[in-house]
Each structure stands twice: as structure tokens, then as C-alpha cells.
Amino acid sequence: MSRDMGRRDFLNRGWKAGVALIGAAAAWTTWDLLRPLPGSALGGSVKTIAPSEVPTNTTVYVQAAQTFLTRIGDDVVALRQKCPHLGCTVSWCENAGEFECPCHGSTFNRAGEVRSGPSPRGLDRYAVTVSDDFVDVNTGEIIEGAPPGPESIDEPRRGEGCTHG
Ligand code: FES
């Protein structure tokens, strides 16, 4: 009798501990995805890479400015990492050739324009100044992304996405 009670008590506690662990893991994941980027500490000019290092058919991430740099035509573009929907952190998926938001599935082409999902506009941009030696990203000057519409670049999705397939 007391042995059964001991086993039952043990299983009951183990079950509760498992639920608590799953809850903690879910809370951590949610916080990690939704937390504001430490970009609030930005707000000024950040010298980044040389203009010659800015790619034309992909993007390069610059941690110091928390931005993706790419070249659209002759222009160097600095795209914010924050999804305009609810602020999650987007990432570049090389396989698909597009940005992906892990939270609700918005995708954006290389120019930051909305391709799918609930985002109300394209990725915001930072103002940039290009000199011979480096690209200066002004993280204090944000240019809002365009509302969903026709894409300005002819770069269809290349393949499977990285987050949602
Ligand atoms: S936060 Fe990016 S799609 Fe919702």
C-alpha cells in the first residue's frame, strides 16, 4: 500500500516537473524570439564594411549595426533585422534567397519587400552614406519599408525556405 503510494507520488511529481520544464522552455523560446533587439543601444552612425564587399545577389550581416547590407542596382541598402509585424528578428535564408521571420512566417525579398505573411510593410532601412573606404550606416535614421505590392527586383524564390520549408 505505502509502496504504491510512493510510486504514485513519485510519478505525480515527475509529471509536474516535466510540465514545468516544458513551460520554462516555451517561455524562454518566446522571450528569445520576441525580445527587443539590443538595437535600442544603437542610434548613431556605424562604420561598416568597404563598399566593394557589399554583395549583389545575397546579403551580408553586420553585427555592429545589426543590419543586412546588400546592393540593389547601384545602391547600397541597409535592412533592419526587425520584422515590421511584431518585431521578431528576421534572418537571411540563402537557399530561398529571401528573408524569413520565424514568428508568423513573413518573408521578404532581397530588397526587403514583403513576399508573404502578415507583415504590413517591407523591412525598414537605415540611411547609408557610402565613401571610398566604408559604408556608414546611420542607425538613428530609419526609413519605413514599403507596403505590400509588386516587387521591384526580379529575383524569384530560389528554393526551400530555411524556417518553414
Ligand atoms: S513578427 Fe514577423 S511575421 Fe509576425
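## Strands β4 and β9

Ala 78 has Tyr 126 as its bridge partner in β9, and the two strands β4 and β9 (residues 125-130) run antiparallel, joined by two bridges. Strands here are DSSP runs of E with at least two residues, while helices are runs of H or I with at least four residues, and both are numbered from the N terminus; two strands are said to pair if DSSP finds at least two bridges between them. The structure is a predicted model, in which local features need pLDDT of at least 70 and side-chain atom pairs count only at pLDDT 80 or more, whereas totals for chains, interfaces and linings use all residues. Residues are numbered from 1 along each chain as its sequence is written, and side-chain values use heavy atoms, with hydrogens and water left out.

## The hairpin of β3 and β4

Strand β4 also runs antiparallel to β3, to which six bridges join it. One of the bridge pairs is formed by Ile 72 and its partner Asp 75 in β4. Two residues lie between the strands of this hairpin, and there Gly 73 takes a positive phi near 65°. Most of β4 is covered, since five of its six residues are buried, where buried means under 20% relative accessible area, exposed means over 50% and partly exposed lies in between (1.4 Å probe, protein chains only).

## Nonpolar cores

A nonpolar core is a set of buried Ala, Val, Leu, Ile, Met, Phe, Trp, Tyr and Cys residues joined through side-chain atoms within 4.5 Å. The largest one in this model has 15 residues, and those with the most contacts inside it are Phe 68, Leu 79, Val 90, Phe 99, Phe 108 and Leu 123. The elements that give two or more residues to this core are β3 (67-72) and β4 (75-80), the strands that six bridges join. A second, separate core has 11 residues, among them Val 46, Val 54, Ala 65 and Tyr 126. In soluble globular proteins, nonpolar side chains tend to be buried together.

When neighbours within four places in sequence are left aside, the residues in contact with Phe 99 (heavy atoms within 4.5 Å) include Phe 68, Leu 79, Val 90, Phe 108 and Leu 123, together with others such as Thr 59, Trp 92 and Arg 110.

## An open sheet of four strands

Four strands form an open sheet in the order β5-β6-β7-β8, with antiparallel pairing. Because β5 and β8 stand at the edges, each with a single partner strand, one side of each is left without a neighbour in the sheet. The partner of β8 is β7 (residues 107-108), and these strands pair in the antiparallel sense over two bridges, with Val 114 in β8 as the bridge partner of Phe 108.

## Salt bridges

A search of the whole structure finds eight salt bridges, each being a side-chain nitrogen of Lys or Arg within 4 Å of a carboxyl oxygen of Asp or Glu. One of them joins the side chains of Asp 9 and Arg 13 at 3.1 Å, N to O. These residues are four apart in helix α1 (residues 2-34), so about one helical turn separates them; Asp 9 is partly exposed at a relative accessible area of 36%, whereas Arg 13, at 58%, counts as exposed.

Glu 94 and Arg 158 form another salt bridge, with their closest N and O atoms 3.0 Å apart. Glu 94 lies in the loop between β5 (91-93) and β6 (98-100) and Arg 158 in the segment after β10 (135-143), so this pair ties together parts that are 64 residues apart in sequence. In a further salt bridge, the closest N and O atoms of Glu 151 and Arg 115 are 3.0 Å apart. That pair links distant parts of the chain, with Glu 151 in the segment after β10 and Arg 115 in strand β8 (residues 114-116), 36 residues apart. Salt bridges that share partners join Glu 98, Arg 115, Glu 151 and Arg 157 into one network.

Asp 136 is found in strand β10, and although buried it has no salt bridge, the nearest side chain of opposite charge being Lys 47 at 6.4 Å; for charge, Lys and Arg count as positive and Asp and Glu as negative, with His and the chain ends not counted. The side chains of Asp 136 and Ser 45 are joined by a polar contact of 3.2 Å, which is a pair of N or O atoms within 3.5 Å, where within protein one must be able to donate a hydrogen and the other to accept it, and residues adjacent in sequence count only if both atoms are side-chain atoms.
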